[in-house]
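Please keep the sequence and the model in view while reading.

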Amino acid sequence: MIKENLAAIHERIKKAAAKSGRRIDDITLIAVSKRKSVELIKEAIAAGQLDFGENYLQEAKDKITTLAGQARFHFIGSLQSNKAKDAATLCDMIHTVDRLKLARELDKHARAANRTLAVLIQVNVGREEQKGGVSPEDAEGLIKQMQDLSHLEICGLMTMPPYKENQEEMRPYFAELRQLGEQLQKKGLIATKGPLHLSMGMSGDFEAAIAEGATLIRVGTAIFGER
Ligand SMILES: *Cc1c(COP(=O)(O)O)cnc(C)c1O
(Lines give C-alpha, C1' and ligand atoms only; values in the text may rest on other atoms or scores of the structure.)
Protein backbone atom coordinates (compact mmCIF):
# COMPACT_ATOMS: atom_id res chain seq x y z
CA MET A 1 0.00 0.00 0.00
CA ILE A 2 2.69 2.49 1.04
CA LYS A 3 4.82 1.39 -1.87
CA GLU A 4 1.95 2.02 -4.32
CA ASN A 5 1.15 5.36 -2.70
CA LEU A 6 4.78 6.45 -3.02
CA ALA A 7 4.84 5.42 -6.66
CA ALA A 8 1.66 7.44 -7.29
CA ILE A 9 3.16 10.51 -5.59
CA HIS A 10 6.34 10.23 -7.66
CA GLU A 11 4.16 10.10 -10.76
CA ARG A 12 2.36 13.29 -9.65
CA ILE A 13 5.72 14.97 -8.92
CA LYS A 14 6.99 13.99 -12.35
CA LYS A 15 3.93 15.47 -14.07
CA ALA A 16 4.01 18.68 -12.04
CA ALA A 17 7.74 19.12 -12.67
CA ALA A 18 7.37 18.54 -16.40
CA LYS A 19 4.52 21.05 -16.56
CA SER A 20 6.68 23.79 -15.08
CA GLY A 21 9.91 22.76 -16.77
CA ARG A 22 11.64 21.72 -13.56
CA ARG A 23 13.98 18.80 -12.87
CA ILE A 24 12.63 16.11 -10.53
CA ASP A 25 16.08 15.91 -8.95
CA ASP A 26 15.49 19.39 -7.53
CA ILE A 27 12.39 18.26 -5.65
CA THR A 28 12.68 16.12 -2.52
CA LEU A 29 9.70 14.23 -1.17
CA ILE A 30 9.48 14.31 2.61
CA ALA A 31 7.15 11.59 3.92
CA VAL A 32 5.37 13.07 6.93
CA SER A 33 5.19 10.21 9.42
CA LYS A 34 3.74 11.93 12.50
CA ARG A 35 1.57 9.54 14.53
CA LYS A 36 2.58 6.68 12.26
CA SER A 37 4.51 3.67 13.55
CA VAL A 38 8.13 2.71 13.03
CA GLU A 39 6.82 -0.33 11.14
CA LEU A 40 5.15 1.90 8.56
CA ILE A 41 8.27 4.03 8.25
CA LYS A 42 10.30 0.87 7.66
CA GLU A 43 7.86 -0.09 4.95
CA ALA A 44 8.43 3.27 3.28
CA ILE A 45 12.21 2.91 3.64
CA ALA A 46 12.00 -0.52 2.00
CA ALA A 47 10.17 1.17 -0.88
CA GLY A 48 13.08 3.59 -1.30
CA GLN A 49 11.87 6.57 0.73
CA LEU A 50 14.73 8.38 2.48
CA ASP A 51 13.37 11.62 4.00
CA PHE A 52 10.77 11.75 6.77
CA GLY A 53 9.03 14.61 8.56
CA GLU A 54 8.03 14.60 12.22
CA ASN A 55 6.03 17.11 14.28
CA TYR A 56 6.45 15.96 17.86
CA LEU A 57 9.88 15.75 19.40
CA GLN A 58 9.42 12.87 21.83
CA GLU A 59 7.89 10.77 19.08
CA ALA A 60 10.64 11.79 16.68
CA LYS A 61 13.31 10.94 19.23
CA ASP A 62 12.03 7.38 19.65
CA LYS A 63 11.83 6.83 15.91
CA ILE A 64 15.20 8.38 15.10
CA THR A 65 16.87 6.29 17.78
CA THR A 66 15.25 3.12 16.48
CA LEU A 67 16.03 3.86 12.85
CA ALA A 68 19.47 5.39 13.37
CA GLY A 69 21.26 5.86 10.07
CA GLN A 70 18.48 4.40 7.90
CA ALA A 71 16.64 7.63 7.12
CA ARG A 72 16.86 11.42 7.25
CA PHE A 73 14.55 13.27 9.65
CA HIS A 74 13.12 16.74 9.16
CA PHE A 75 11.47 18.49 12.08
CA ILE A 76 8.37 20.26 10.80
CA GLY A 77 6.32 20.85 13.96
CA SER A 78 6.22 23.85 16.22
CA LEU A 79 9.29 23.77 18.42
CA GLN A 80 9.66 25.06 21.97
CA SER A 81 13.03 26.46 22.92
CA ASN A 82 13.35 24.00 25.79
CA LYS A 83 13.28 21.13 23.26
CA ALA A 84 16.03 22.68 21.14
CA LYS A 85 18.72 20.34 22.42
CA ASP A 86 17.05 17.16 21.15
CA ALA A 87 16.04 18.85 17.92
CA ALA A 88 19.57 20.15 17.28
CA THR A 89 21.27 16.86 17.99
CA LEU A 90 18.81 14.40 16.40
CA CYS A 91 17.31 16.01 13.31
CA ASP A 92 18.84 16.54 9.88
CA MET A 93 16.92 19.74 9.18
CA ILE A 94 14.61 21.99 11.22
CA HIS A 95 11.91 23.64 9.10
CA THR A 96 10.24 25.74 11.76
CA VAL A 97 12.63 28.38 13.05
CA ASP A 98 10.57 31.56 13.54
CA ARG A 99 12.12 33.47 16.42
CA LEU A 100 15.54 34.50 17.67
CA LYS A 101 15.37 32.77 21.04
CA LEU A 102 14.76 29.41 19.38
CA ALA A 103 17.50 30.04 16.80
CA ARG A 104 19.99 30.88 19.57
CA GLU A 105 19.15 27.71 21.49
CA LEU A 106 19.50 25.56 18.37
CA ASP A 107 22.83 27.19 17.56
CA LYS A 108 24.10 26.66 21.10
CA HIS A 109 23.26 22.95 21.07
CA ALA A 110 24.52 22.41 17.52
CA ARG A 111 27.81 24.00 18.60
CA ALA A 112 28.00 21.75 21.67
CA ALA A 113 27.36 18.73 19.45
CA ASN A 114 30.06 19.98 17.08
CA ARG A 115 27.77 20.08 14.06
CA THR A 116 26.28 22.57 11.65
CA LEU A 117 22.50 22.36 11.69
CA ALA A 118 20.48 22.98 8.54
CA VAL A 119 17.46 25.17 9.25
CA LEU A 120 14.64 26.86 7.36
CA ILE A 121 12.82 29.98 8.47
CA GLN A 122 9.08 29.42 8.78
CA VAL A 123 7.15 32.31 7.27
CA ASN A 124 3.45 32.91 7.94
CA VAL A 125 2.54 34.08 4.44
CA GLY A 126 -1.19 33.94 5.21
CA ARG A 127 -0.67 36.16 8.26
CA GLU A 128 -2.89 33.81 10.26
CA GLU A 129 -2.89 34.48 13.97
CA GLN A 130 -3.08 30.85 15.07
CA LYS A 131 -0.17 29.72 12.91
CA GLY A 132 3.53 29.70 13.64
CA GLY A 133 6.04 31.52 11.49
CA VAL A 134 7.52 34.97 11.29
CA SER A 135 5.52 37.48 9.26
CA PRO A 136 6.91 38.20 5.78
CA GLU A 137 7.70 41.77 6.90
CA ASP A 138 9.76 40.59 9.87
CA ALA A 139 11.62 37.73 8.15
CA GLU A 140 14.60 39.81 7.02
CA GLY A 141 15.06 41.34 10.45
CA LEU A 142 15.05 37.94 12.12
CA ILE A 143 17.47 36.49 9.59
CA LYS A 144 19.86 39.43 9.97
CA GLN A 145 19.93 38.82 13.71
CA MET A 146 20.78 35.19 13.04
CA GLN A 147 23.84 35.88 10.89
CA ASP A 148 26.33 35.42 13.72
CA LEU A 149 24.90 32.04 14.74
CA SER A 150 27.76 30.15 13.17
CA HIS A 151 26.45 26.63 13.77
CA LEU A 152 23.21 27.17 11.88
CA GLU A 153 23.05 27.09 8.12
CA ILE A 154 19.94 28.90 6.88
CA CYS A 155 19.08 26.91 3.77
CA GLY A 156 15.80 28.60 2.88
CA LEU A 157 12.18 29.16 3.87
CA MET A 158 9.14 27.08 4.81
CA THR A 159 5.45 27.88 4.87
CA MET A 160 2.02 26.45 5.66
CA PRO A 161 -0.42 28.73 3.86
CA PRO A 162 -4.14 29.01 4.59
CA TYR A 163 -6.14 26.04 3.35
CA LYS A 164 -8.07 26.53 0.10
CA GLU A 165 -10.39 24.04 -1.56
CA ASN A 166 -8.82 24.70 -4.96
CA GLN A 167 -5.04 24.39 -4.95
CA GLU A 168 -4.66 26.98 -7.72
CA GLU A 169 -5.76 29.55 -5.13
CA MET A 170 -2.73 28.68 -3.03
CA ARG A 171 -0.25 29.62 -5.71
CA PRO A 172 -0.01 33.29 -4.68
CA TYR A 173 1.13 32.21 -1.20
CA PHE A 174 3.72 29.82 -2.61
CA ALA A 175 4.87 32.50 -5.05
CA GLU A 176 5.24 34.98 -2.20
CA LEU A 177 7.50 32.57 -0.30
CA ARG A 178 9.65 32.01 -3.38
CA GLN A 179 10.00 35.74 -4.09
CA LEU A 180 10.91 36.43 -0.47
CA GLY A 181 13.45 33.61 -0.56
CA GLU A 182 15.01 34.89 -3.77
CA GLN A 183 15.30 38.42 -2.37
CA LEU A 184 16.96 37.20 0.82
CA GLN A 185 19.32 34.98 -1.12
CA LYS A 186 20.29 37.88 -3.38
CA LYS A 187 21.11 39.91 -0.29
CA GLY A 188 23.43 37.11 0.84
CA LEU A 189 21.35 36.37 3.95
CA ILE A 190 20.19 32.79 3.27
CA ALA A 191 21.25 29.81 1.14
CA THR A 192 24.74 31.23 0.76
CA LYS A 193 26.42 27.81 0.41
CA GLY A 194 23.86 25.88 -1.61
CA PRO A 195 20.64 26.14 -3.56
CA LEU A 196 17.69 28.02 -2.08
CA HIS A 197 15.32 25.58 -0.40
CA LEU A 198 11.59 26.19 -0.29
CA SER A 199 9.62 23.78 1.89
CA MET A 200 6.02 24.06 0.74
CA GLY A 201 3.19 21.85 -0.47
CA MET A 202 1.35 18.96 1.22
CA SER A 203 -0.84 16.05 0.04
CA GLY A 204 -3.54 18.24 -1.46
CA ASP A 205 -1.54 21.06 -2.98
CA PHE A 206 2.02 20.03 -3.80
CA GLU A 207 1.52 20.39 -7.55
CA ALA A 208 0.82 24.10 -7.06
CA ALA A 209 3.85 24.36 -4.77
CA ILE A 210 6.08 22.66 -7.37
CA ALA A 211 4.81 25.07 -10.00
CA GLU A 212 6.00 27.91 -7.75
CA GLY A 213 9.42 26.42 -7.01
CA ALA A 214 9.09 24.05 -4.05
CA THR A 215 12.26 22.01 -3.44
CA LEU A 216 10.96 20.13 -0.39
CA ILE A 217 7.38 18.89 -0.33
CA ARG A 218 5.85 17.48 2.86
CA VAL A 219 3.35 14.72 2.17
CA GLY A 220 1.63 12.67 4.89
CA THR A 221 -1.91 11.50 4.21
CA ALA A 222 -1.33 10.60 0.56
CA ILE A 223 1.43 8.18 1.62
CA PHE A 224 0.37 6.81 5.02
CA GLY A 225 -3.40 7.38 4.91
CA GLU A 226 -5.54 9.41 7.31
CA ARG A 227 -4.19 10.11 10.77
C1 LIG B 1 1.01 17.08 8.88
C2 LIG B 1 1.82 18.03 8.11
C3 LIG B 1 2.03 17.87 6.73
C4 LIG B 1 1.43 16.75 5.92
O5 LIG B 1 0.09 17.02 5.63
P6 LIG B 1 -0.77 16.03 4.70
O7 LIG B 1 -1.96 16.85 4.36
O8 LIG B 1 -1.11 14.85 5.56
O9 LIG B 1 0.04 15.67 3.54
C10 LIG B 1 2.86 18.78 6.09
N11 LIG B 1 3.43 19.80 6.75
C12 LIG B 1 3.25 20.00 8.07
C13 LIG B 1 3.91 21.14 8.74
C14 LIG B 1 2.42 19.13 8.79
O15 LIG B 1 2.23 19.35 10.10
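A polar side-chain atom of Thr221 lies 2.5 Å from an oxygen atom of the ligand, a polar contact being a pair of N or O atoms within 3.5 Å. The side chain of Ser203 likewise places an N or O atom 2.5 Å from a ligand oxygen, and for Arg227 the corresponding distance is 2.9 Å. Of the 390 Å² of accessible area that the ligand has on its own, the protein covers 90% (Shrake-Rupley method, 1.4 Å probe).

This is a predicted model, in which local features need pLDDT of at least 70 and side-chain atom pairs pLDDT 80 or more, whereas totals for chains, interfaces and linings use all residues. Residues are numbered from 1 along each chain as its sequence is written, and side-chain values use heavy atoms, without hydrogens and water.

Around the ligand there are 13 residues (a heavy atom within 4 Å), of which Lys34, Asn55, Ser203, Gly220 and Thr221 come nearest. This shell comprises 6 nonpolar, 4 polar and 3 charged residues, with Gly counted as polar.

The ligand sits in the largest pocket, in the sense that more than half of its atoms lie within 2 Å of the pocket's grid points. A pocket is an open set of points on a 1 Å grid over the protein atoms alone, where a 1.4 Å probe fits, with protein on both sides within 12 Å along at least five of seven lines. The largest pocket holds about 350 Å³ of space, a volume filled by probe spheres set on the points. Its lining has 20 residues (an atom within 4 Å of a point), and Lys34, Asn55, Ile76, Met160 and Met202 are the closest to its centre. By class, the lining of the largest pocket has 5 nonpolar, 10 polar and 5 charged residues.

Technical notes
A polar contact is a pair of N or O atoms within 3.5 Å; within protein, one must be able to donate a hydrogen and the other to accept it, and residues adjacent in sequence count only if both atoms are side-chain atoms.
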